[in-house]
Amino acid sequence: PYYDCYKSGYPACCADSDPNSSCPASGIPPCDKSTGESYFTYAPDYSCYGDGWPGCCLDDPSSCPETKPGCDSTGSSYCAYS
């Protein structure tokens, strides 16, 4: 679970009766939790982002949204991580 990003530890669509139809086919939904701190405060997260940070942080940090973007790592379903 990603409690620093999602209130329940998982994207809300994972709780739907059919997550395959409600969750995006590519990419991971944006975070739904705001801690009041910038996500730049934390160490790089290589399990979530290929480069450790959301792409916007690497290109132009001023273009990043206030809420931490969803993970860009690929692999098994993010609903299955635990």
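Which hand does the link of Cys 13 and Cys 23 have about the S-S bond? With 105° about that bond, the link of Cys 13 and Cys 23 is right-handed. The legends below describe close-up views of a predicted model.

**View 1. The whole chain, with its two helices and zero strands.** The chain has 82 residues, and 30% of them count as buried. Its accessible surface comes to about 5100 Å², and 52% of that surface belongs to carbon and sulfur atoms.

**View 2. The disulfide that joins Cys 13 to Cys 23.** This is one of the two disulfides that the structure holds, and here the distance from S to S is 1.9 Å. The pair links distant parts of the chain, since Cys 13 is found in the segment before H1 and Cys 23 in the loop between H1 and H2, ten residues apart. Cys 13 has a relative accessible area of 10%, which is under the 20% cut-off, and therefore Cys 13 is buried. For Cys 23 the relative accessibility is also given as 10%, so Cys 23 counts as buried by that cut-off of 20%.

**View 3. The disulfide formed by Cys 48 and Cys 71.** The sulfur atoms of Cys 48 and Cys 71 lie 1.8 Å apart. Is this disulfide left-handed or right-handed? The torsion about the S-S bond of Cys 48 and Cys 71 is about -100°, so the disulfide is left-handed. Because Cys 48 lies in the loop between H1 and H2 while Cys 71 lies in the segment after H2, the pair ties together parts that are 23 residues apart in sequence. Both cysteines of this pair, Cys 48 and Cys 71, are buried.

**View 4. Asp 45 in the loop between helix H1 and helix H2.** The loop that holds Asp 45 runs between helix H1, residues 19-22, and helix H2, residues 55-59. Is Asp 45 buried or exposed? Its relative accessibility is 18%, and because buried means under 20%, Asp 45 counts as buried. When its neighbours within four places in sequence are left aside, Asp 45 is in contact with Gly 52 and Lys 68.

**View 5. Pro 44, placed in the loop between H1 and H2.** Pro 44 has a relative accessible area of 35%, a value between the cut-offs of 20% and 50%, so Pro 44 is described as partly exposed. Which residues does Pro 44 touch, not counting residues up to four places away in sequence? On that count, Pro 44 touches Gly 52 and Trp 53. Pro 44 can also be viewed together with Pro 54, for the two prolines are ten residues apart in sequence and 9.3 Å apart in space, C-alpha to C-alpha.

Key
Residues numbered from 1 in each chain as written. Predicted model: local features only at pLDDT ≥ 70, side-chain atom pairs only at ≥ 80, totals over all residues. Heavy atoms only, no water. Helix = DSSP H or I, 4+ residues; strand = E, 2+ residues; numbered from the N terminus. Buried < 20%, exposed > 50% of the residue type's maximum accessible area, 1.4 Å probe, protein only. Areas by Shrake-Rupley, 256 points an atom, 1.4 Å probe, with all protein chains shown as cover. Contact = heavy atoms within 4.5 Å. Disulfide = S-S within 2.5 Å.
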